[in-house]
Amino acid sequence: MGSGKRGLMATAVAVVCAVTVLAAPGTAFANPTPSPTPSAGQAVAPAKDLEAVRKKLDKLYRAAARATDEYNAADEKADEQSTQVVELAKKIVKGQEKLRKLKDRAGAAAAAQYRGGGLPPEAHLVLSDDPQDFLVGAGRVREGHHATKGLLGELTRTQEDLEQYAKDASAQLKKLEAGRKAKAAAQKKIEKQIAQAEKLESALQKEEQDRLAELEKEAANKAQTAWLDSGILDEINGKATEQGKKAVKYATAQIGKPYQWGAEGPRTYDCSGLTSQAWISAGRGIPRTSQEQWKQLRHIDVQDMRPGDLIIYFGDASHVAMYIGDGAIVHAPRPGRTVTIAGAGSMPILGVVRPDADTGAN
């Protein structure tokens, strides 16, 4: 590629980068100032008050999860649009080079006519006294007409293509800008919800925080027990495919790594970042967000699920986990938690989706 091409391409890429740059998902934001620590003699809040706090925290973190899906979706679209803009920039570079060569050819034809005294080929043909020259010349004139017509047509088409590429690039850049704004708005939502949750937790005494953690476990265990008591596990006996085994192996290898919204590893994950990367490691690309995983992947009855399948939670599909067998899942729960194993029925199940095909189970 010549220096002109490199310069044009660098400019195009610089434009794309300038439009799409945002703070990284893990960008830190100031922790809210914690409320004053209660005095040592202050009584621990009653269980009913802590249960209200637990429900409030759950609501806040679920709102953050929905905003995280919005952020991830906007981020994914921005990546796609950036790729399209770069491809259009490449087409524009090639088109401009082609147009330059065509203009050079047209210029050479004009120069040849000038060297011929400014007369068109037809005039030279009429002035010829040699019949053989006339016949040969007539054929050349016809060829020249076709070539000139073809050259002009190609010049016109190339110019039209360049105009269309420019329009398409402009449209994509507008979409990128809209996506950038959507991404920034989602980031603000996430930070707001997490900040409120952290403020609520920081106001609790150490004993209250411990009791709150116990209440969270009790609520999850209660839901899991009810799910198991339904007898559903007796019906679930599907075996993983080779791809499913690889996905489960990847996901479980991440246990203990922190949750971070917008993260896809390798050090931190959000819920759909974990499941999408697990399946990518198994050789199967799937949608990035839990909502798109729910929309695009094949739905499976709960009793037919097998290890590697994805369980989508809550009515808004704002959380996803991977089923690993024996009534258990591996997932990235929420901010402040790490990738862990939990009961498949510990949260309200919306449904199950399957990333891979039915063949190859063993």
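**Basis and confidence**

Because the model is predicted, local features need pLDDT of at least 70 and side-chain atom pairs count only at pLDDT 80 or more, while totals for chains, interfaces and linings use all residues. Residues are numbered from 1 along each chain as its sequence is written, and side-chain values use heavy atoms, with hydrogens and water left out.

The mean pLDDT (the predictor's confidence in each residue, from 0 to 100) of the protein is 78, and 73% of its residues reach 70 or more. Confidence is lowest in helix 1 (residues 3–20), with a mean of 39, and highest in strand 2, at 98. Over residues 1–42 the pLDDT is below 50, and this stretch has 47 contacts in the model beyond near neighbours in sequence. A contact means heavy atoms within 4.5 Å.

**Overall organisation**

The secondary structure comprises nine helices and six strands; these are DSSP runs numbered from the N terminus, with helices being H or I of at least four residues and strands E of at least two. Of the 362 residues, 37% count as buried, where buried means under 20% relative accessible area, exposed over 50% and partly exposed in between (1.4 Å probe, protein chains only). Among contacts between residues at least 6 apart in sequence, 73% join residues at least 24 apart.

**Nonpolar cores**

A nonpolar core is a set of buried Ala, Val, Leu, Ile, Met, Phe, Trp, Tyr and Cys residues joined through side-chain atoms within 4.5 Å. The largest has 28 residues, of which Trp-279, Leu-310 and Met-322 touch the most other members. Two or more residues each come from helix 2, helix 4 (131–202), helix 7 (242–253), helix 8 (271–281), strand 2 (310–313) and strand 3 (319–325). Helix 8 gives the most to this core, with four residues. Leaving aside neighbours within four places in sequence, the contacts of Trp-279 include Gly-244, Ala-247, Ile-286, Leu-310, Met-322 and Pro-355. Apart from this core lies another, of 14 residues, among them Ile-311, Ala-321, Tyr-323 and Val-352.

His-331 is placed in strand 4 (residues 328–331) and is buried, with a relative accessible area of 6%. Not counting residues up to four places away in sequence, His-331 touches Leu-274, Ala-321 and Met-347, among others. The C-alpha atoms of His-331 and Leu-274, 57 residues apart along the chain, are separated by 7.3 Å.

**Pocket and cavity**

On a 1 Å grid over the protein atoms alone, a cavity is a set of points where a 1.4 Å probe fits but cannot get out, and a pocket is an open set with protein on both sides within 12 Å along at least five of seven lines; lining residues have an atom within 4 Å of a point. Grid points are joined across faces, edges and corners, and a volume is the space filled by probe spheres set on the points.

| Space | Volume | Main contributor to lining |
|---|---|---|
| Largest pocket | about 960 Å³ | helix 5, eight residues |
| Largest cavity | about 30 Å³ | helix 2, four residues |

Of the 31 residues lining the largest pocket, Asp-58, Glu-216, Ala-220, Pro-333 and Met-347 lie nearest its centre. Its lining divides into 16 nonpolar, eight polar and seven charged residues; Ala, Val, Leu, Ile, Met, Phe, Trp, Tyr, Cys and Pro count as nonpolar, Asp, Glu, Lys and Arg as charged, and the others, Gly among them, as polar. The residues lining the largest cavity include Asp-69, Tyr-259, Asp-270 and Ser-318.
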